[in-house]
Amino acid sequence: MAFRRAQTMAFAVNEINRNPKLLPNISLGYHLHNSCGNLGISLRAALSMTSGRGEPFQLNENCNGNPPVLGIVGDTSSTRTIAISSIVSLYRVPMVSYFATCSCLSDRRLFPSFFRTIPSDAFQVRAILQILRRFNWTWFGLLISDDDYGLHAARSFQSGLTQSGGGCLAYLEVLPWGRDENELQRIVGIMKKSTSRVVIVFSPQSDMLKLMQEVVRQNVTGLQWIASEAWTTAIVLQTPSYMPFLAGTLGIAIRRGEIPGLREYLLQIRPDIDTLSSQENNLVKQFWEHVFQCKFVTPDMEFEGETQERLCTGNESLRNIKTEFLDLSNLRSEYNVYKAVYALAHALHDILQCVPGSGPFQGQSCASLQGLEPWQLVYQLQRVNFTTNFGDTVSFDESGDALPIYDVINWMWHSDGSTEVKNVGEVNELASKIDNLNLDEDKIFWNFEPKKPPKSVCSESCPPGTRMARKKGEPVCCFDCIACSEGEISNKKEEFWSNHQRDHCVPKSMEFLSYIEPLGISLTTASLSGTLLCTIVFGIFTYHRTTPVVRANNSELSFLILLSLKLCFLCSLLFIGHPRLSTCQLRQAAFGISFVLCVSCILVKTMVVLAVFKASKPGGGGSLKWFGTMQQRGTVVFLTLIQAAICTTWLMSSSPTPHKNTQYYKDKIIVECVIGSTVGFGVLLGYIGLLAILSFLLAFLARNLPDNFNEAKFITFSMLVFCAVWIAFIPAYINSPGKYADAVEVFAILASSFGLLLALFGPKCYIIILKPEKNTKKALMGRGTSMS
């Protein structure tokens, strides 16, 4: 119905011109080009518009000239649209198609000024795949037209099928150009022999019509047809001769809409007898002759004499005749034309509403009507957003594509022989990212007995006690069933294992480091004991905070080390229990930050020891000004923030996630946390190791200082234990399977934490509790004096 689409465009332009709120005081015009399905004619039309060599146009009372072409609505064919858009994009002239669906047109590098009010084939393919999954159809044939529409649709379909793993192609055939009887016979012969019951067709209705003629001739029944939007509403196929074969067809259709006032506008169409030769009126004349089966008198007919055909008067009434032209109950492509015209009008309106000084162009300037450039309209069209009278939102994504909404259509064949194309659902990708298909299965007409969806599988599921064995040279959906070996099952659920009789599946056991097993209980007990011991030491130091042993070498750092060690002990509990996304992400971050906080405090303590000793020498008093309380706090915070940044980057780029591993054992599932990024985990450990080695080296250099600075000896020993534990951890962690890898890491955390706690605070607690007479300034200074 190309003529009705053309009249819909004219109606939309007239409606906009009558609207005082949209483009006030501005009148839109239009010019129609009929491509006749010919690529050459389409290209000539595009060149004439973009080069300004169109027909003269009356601009006002005093001057003639060529009208400014601000936008193009069309074309229907993807192939012609690709060619036209390639040309007009050079001039940045916006082109809005209402029917071209090729996914290749979404490439903004090749088609920078292309838009469309029909969704791309990429969305259509995803919708069809969802329908196939809904009815468990895994074995299907694919027929495509030999053009850009069909070839790109096939590529998208195969790619989507590979990613989803939801089925296999029994055959893929390209429908021939023209009427190649031999090729059509070959293709239909393949369909007839195939065990597939589902056939998906991406082609225009002209190719589908030729195919169906051969299907009828060979009497190929019992097929479930899946229609692309190009032919899903084709009335020419809904005839008594085709319905025994096509009844029950499920298809993806352009979203239906309603256009108030269009019917009355179409009823006013009438040929102008005086201007039958003009281009636009010639289209009306051809339409009139087709509808009323008559002929207009032309000069040639007058010269040749009387004609046997009935003559048209031009006064015939469209109201008195039943024609598809006036059936507006199923406006789809026309609704897209309507939206395309309004999109261009809204973009132009938004441009003219621009306030000088706050515009989107260079220097915050606005576009003027007199000097409007096509690329400025492209800019605004990308941002257009409005709602139609039917309630649909019209906008375009970054690729110029429309909102991905489709209707699901079913071809019904009633007992009286009448046919009906009925909506049975919709696919709306904006509604959900998981399941976008909303289908009312009770309304679907199935052309099978009983009235249920057919089965379409290459091989039936294997019975209990058998397993699948791939057939050589055939798709994965085709297999034989052979007796199961030990532990093998006949379905794809990897969470099950066979029983002893190998005829029934039982759930596999889940294995992870649990709180209720002996290993988990031991590690939990050790973690809580370490936390309790830190709390006791913290209490002892708080109670004796005024004594020299506690106050020596910045007691604030000592309390901070105790707090960080408590966090280290507690973070080990995150490695025990069923791994979840939250615990997988938190465990490594908590471990990394807690240990860096502890080691950075020890590093600062060591630096203070060296600074104090240097200050005690003649001329060295200035070194202490760089290690005041604020500098010590700032250093600890800075070093800890670096680790926090490492953890944040790791979690945002490649976060650890829970994973069910079936590779270690056949009869059970290892639930583990996959670290996500090995580099991130390596940087986290490497940073802790760098600080620990630096602390060890500085403490080692200060180990022989006088006794009143002997804390360096304890730091040296604690860092030696710490480094030894973590050096041994890496190979043990790599070679430990499943839950034992978590156990190794927990052991390393606990061992190093206990080592630091005992080495740093054990001697001090010994003096505070058992040797209080040595916890005096005189006693501490005395040992230093005697040694010196």
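These legends walk through several close-up views of the structure above. The model is predicted, so local features need pLDDT of at least 70 and side-chain atom pairs count only at pLDDT 80 or more, while totals for chains, interfaces and linings use all residues. Residues are numbered from 1 along each chain as its sequence is written, and side-chain values use heavy atoms, with hydrogens and water left out.

View 1. Strands of a sheet pair through backbone hydrogen bonds, either parallel or antiparallel. Helices (H or I, at least four residues) and strands (E, at least two) are DSSP runs, numbered from the N terminus, and two strands count as paired if DSSP finds at least two bridges between them. Look next at β4 (residues 95-97), which pairs with β5 in the parallel sense over three bridges.

**View 2. Arg 4 and Glu 334 form a salt bridge**. Side chains of opposite charge can pair when their charged atoms come close. Here a salt bridge is a side-chain nitrogen of Lys or Arg within 4 Å of a carboxyl oxygen of Asp or Glu, and the structure holds 23 of them. In the pair shown, the closest N and O atoms are 3.0 Å apart. Arg 4 belongs to helix α1 (residues 2-18) and Glu 334 to helix α12 (residues 333-352), so their contact ties together parts that are 330 residues apart in sequence. Are these two residues buried or exposed? Both Arg 4 and Glu 334 are buried, where buried means under 20% relative accessible area, exposed means over 50%, and partly exposed lies in between (1.4 Å probe, protein chains only).

**View 3. Lys 210 and Asp 207 meet within one helix**. Their side chains form a salt bridge with an N to O distance of 3.5 Å. Why are the two about one helical turn apart? Because they are three residues apart in helix α7 (residues 205-218). Lys 210 counts as buried at 14% relative accessibility, and Asp 207 is buried too, with a relative accessible area of 12%.

**View 4. Lys 295 and Glu 289 form another salt bridge**. The closest N and O atoms of this pair are 3.9 Å apart. Lys 295 is partly exposed, at 31% relative accessibility, whereas Glu 289 is buried, at 15%.

**View 5. Salt bridges link several residues into a network**. Which residues take part in it? They are Arg 255, Arg 332, Asp 392, Asp 407 and Glu 426.

**View 6. A disulfide joins Cys 168 to Cys 477**. A disulfide is a covalent bond between the sulfur atoms of two cysteines; in this model it is a pair of cysteine sulfur atoms within 2.5 Å. How many disulfides does the structure hold? There are six. In this one the sulfur atoms are 2.1 Å apart, and with 85° about the S-S bond the link is right-handed. Cys 168 sits in strand β7 (residues 168-175) and Cys 477 in the loop between β16 (466-470) and β17 (479-483), so the pair ties together parts that are 309 residues apart in sequence. Cys 168 and Cys 477 are both buried.

**View 7. Cys 354 and Cys 366 form a left-handed disulfide**. Their sulfur atoms lie 1.9 Å apart. The torsion about the S-S bond is about -65°, so the link is left-handed. Cys 354 and Cys 366 are each in the loop between α12 and α13 (374-381), 12 residues apart. Cys 366 is partly exposed, with a relative accessible area of 24%.

**View 8. Cys 458 and Cys 478 are joined by a disulfide**. The S to S distance is 1.9 Å, and the torsion about the S-S bond is about 105°, so this disulfide is right-handed. Cys 458 lies in the loop between β15 (437-439) and β16, and Cys 478 in the loop between β16 and β17, so the pair ties together parts that are 20 residues apart in sequence. At 0% relative accessibility, Cys 478 counts as buried.

**View 9. Cys 598 is in no disulfide**. Its nearest cysteine sulfur is that of Cys 568, 5.5 Å away. Cys 598 is buried, with a relative accessible area of 0%.
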